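I opened my notebook for a friendly look through a new model.

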Amino acid sequence: MAPQLRLNAVAFVSPQNHPILIRTFEQPRQDELKYHYIAHTSLDVIDERIQAATASKSTDCYLGLLYVEDVAVYGYMTPLKVKIIIALELSDSIVRDADVVAIFKALHTAYRRSVANPFLRLNVPTENVTDHSILVSAGNSRWQAFRKRVDEIGRAVGGFQ
């Protein structure tokens, strides 16, 4: 991966648009709320890209550059409709799509490995459940290996030391 890339944040969002995991790598970690906002505002752009891809019958998971604020925001959607959003620090260097796709594939693999764990309980009965955070929550201790993999990817890309 290119050394000039700096990963500021990663967000995994469920098919129902509930956050699974939002991980920030910026030091100090004072802007975590900003990255929650970025993840949620990205969902509108992702929906537009998905509709356009459906109309053109595209099967590509990579959604490209979603928008630029004070970070460059890229999107990816897995075949099971889990959305992965990354925020890269803006720089003067050219960001190649191949480098961004490699980051997304590593993040997708980390998620897929965690979900494939037969001891990880993802779903509870959905009858009378009003708090959807218990349905898909990467914040509990069972998701520790997933968070560790995401942190390792962040270190490899240049997210933090």
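**Ground rules.** I am working with a predicted model, where local features need pLDDT of at least 70, side-chain atom pairs count only at pLDDT 80 or more, and totals for chains, interfaces and linings use all residues. I number residues from 1 along each chain as its sequence is written, and side-chain values use heavy atoms, with hydrogens and water left out.

**Salt bridges.** I took a salt bridge as a side-chain nitrogen of Lys or Arg within 4 Å of a carboxyl oxygen of Asp or Glu. My count by this rule is four salt bridges.

**Glu89 and Arg6.** I found the closest N and O atoms of this salt bridge 3.4 Å apart. Glu89 sits in strand E5 (residues 83-89) and Arg6 in the segment before strand E1 (7-13), so I noted a link between distant parts of the chain, 83 residues apart. For element names I follow DSSP runs, numbered from the N terminus: helices (H or I) have at least four residues and strands (E) at least two. I also checked accessibility, where buried means under 20% relative accessible area, exposed over 50%, and partly exposed in between (1.4 Å probe, protein chains only). Glu89 is partly exposed at 37%, and Arg6 is partly exposed at 24%.

**Asp70 and Lys34.** I read 3.0 Å from N to O for this salt bridge. Asp70 lies in the loop between strand E3 (62-68) and strand E4 (71-77), while Lys34 belongs to helix H1 (residues 32-55), so the pair ties together parts that are 36 residues apart in sequence. I have Asp70 down as partly exposed at 42%, and Lys34 as partly exposed at 22%.

**Arg96 and Asp99.** I read 3.0 Å, N to O, for this salt bridge too.

**Strand E1.** I asked how many residues of E1 are buried. Seven of the seven are, so E1 is largely enclosed by the rest of the structure. For pairing, I require that DSSP finds at least two bridges between two strands. E1 runs antiparallel to E5, with six bridges joining them; Val13 stands opposite Lys83 of E5. I also found E1 paired with strand E2 (residues 19-24) in the antiparallel sense, over five bridges. Val10 has Arg23 as its bridge partner in E2. The hairpin of E1 and E2 has five residues between the strands, and there I noted that Asn17 takes a positive phi near 65°.
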